[in-house]
Amino acid sequence: IISASTLKNTDGGFIPGDVSDPFCVCEVVGQPENRVETHVINNDLHPKWNYQAVLEYDGVSDLRFSVWDKDYIRKQLLGEHVMPAAVVKQGFSGTVSLTPGRPRILTHDPRLTVKVVMPQETTCGSCSIL
């Protein structure tokens, strides 16, 4: 999970410079216990996590990337992208829209840059999320 950009500010804006505090979760759809999560970056609408993890992957499920704003009381969804299993199995490196149902990125869409690497020797087991 490399970075995000053009995120929405869901903080109140009462304090100058106080904007969303984003973090990203990647999970295997249908397996919420099989997930990884970046650290929170405070007050940043264009965070750079450069986060790497290995996720157990069954070879048939989609991956869900969701970006959240961490607040004291609750978290708020800033956007999500579901990566189809066919794309996961081929590997992926690039930027996706965090607007559900949007096949292409539009100018002001929140976006996420990720790299998914599958091991060459198997079609299931684990995949690296970068």
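How many bridges join β2 to β3? There are 4 of them, and the two strands run antiparallel.

## Before we start

This is a predicted model, in which local features need pLDDT of at least 70 and side-chain atom pairs count only at pLDDT 80 or more, while totals for chains, interfaces and linings use all residues. Residues are numbered from 1 along each chain as its sequence is written, and side-chain values use heavy atoms, with hydrogens and water left out.

Helices (H or I, at least four residues) and strands (E, at least two) are DSSP runs, numbered from the N terminus.

## The sheet

Strands β2 and β3 belong to an open sheet of 4 strands, with the order β3-β2-β5-β6 and antiparallel pairing. Two strands are said to pair if DSSP finds at least two bridges between them. At the edges lie β3 (31-37) and β6, each of which pairs on one side only. From one strand to the next, the twist averages 25°; axes here are lines fitted to C-alpha atoms, for helices over the stretch in contact, with angles running from 0 to 180 degrees between N-to-C directions.

In general, strands of a sheet pair through backbone hydrogen bonds, either parallel or antiparallel.

## Salt bridges

Side chains of opposite charge can pair when their charged atoms come close. A search of the whole structure turns up 3 salt bridges, each defined as a side-chain nitrogen of Lys or Arg within 4 Å of a carboxyl oxygen of Asp or Glu. One of them brings Arg64 and Glu27 together, with their closest N and O atoms 2.9 Å apart. This pair links distant parts of the chain, as Arg64 is in strand β5 (residues 63-70) and Glu27 in strand β2 (residues 22-28), 37 residues apart. Arg64 also forms a salt bridge with Glu80, where the closest N and O atoms are 3.8 Å apart. Here too distant parts of the chain are linked, with Glu80 in strand β6 (residues 75-83), 16 residues from Arg64. Through shared partners, Glu27, Arg64 and Glu80 join into one network.

How accessible are these residues? Buried means under 20% relative accessible area, exposed over 50%, and partly exposed in between (1.4 Å probe, protein chains only). Glu27 is buried at 12%, whereas Arg64 is partly exposed at 24% and Glu80 is partly exposed at 24%. Another salt bridge joins Glu37 and Arg35 at 2.7 Å, N to O. Glu37 is partly exposed at 38%, and Arg35 is partly exposed at 36%.

## The nonpolar core

In soluble globular proteins, nonpolar side chains tend to be buried together. A nonpolar core is a set of buried Ala, Val, Leu, Ile, Met, Phe, Trp, Tyr and Cys residues joined through side-chain atoms within 4.5 Å. The largest one here has 25 residues, and those with the most contacts inside it are Trp49, Leu63, Phe65, Val67 and Leu112. Two or more residues each come from β2, β4 (53-57), β5, β6, α1 (85-90) and β8 (111-117).

Leaving aside residues up to four places away in sequence, Val67 touches several others (heavy atoms within 4.5 Å). Among them are Leu7, Phe23, Cys24, Trp49, Leu78 and Leu112.

A disulfide is a pair of cysteine sulfur atoms within 2.5 Å, and the search of the whole structure finds 0 disulfides. Cys24 is buried at 0% relative accessibility, and Cys26 is buried with a relative accessible area of 0%.
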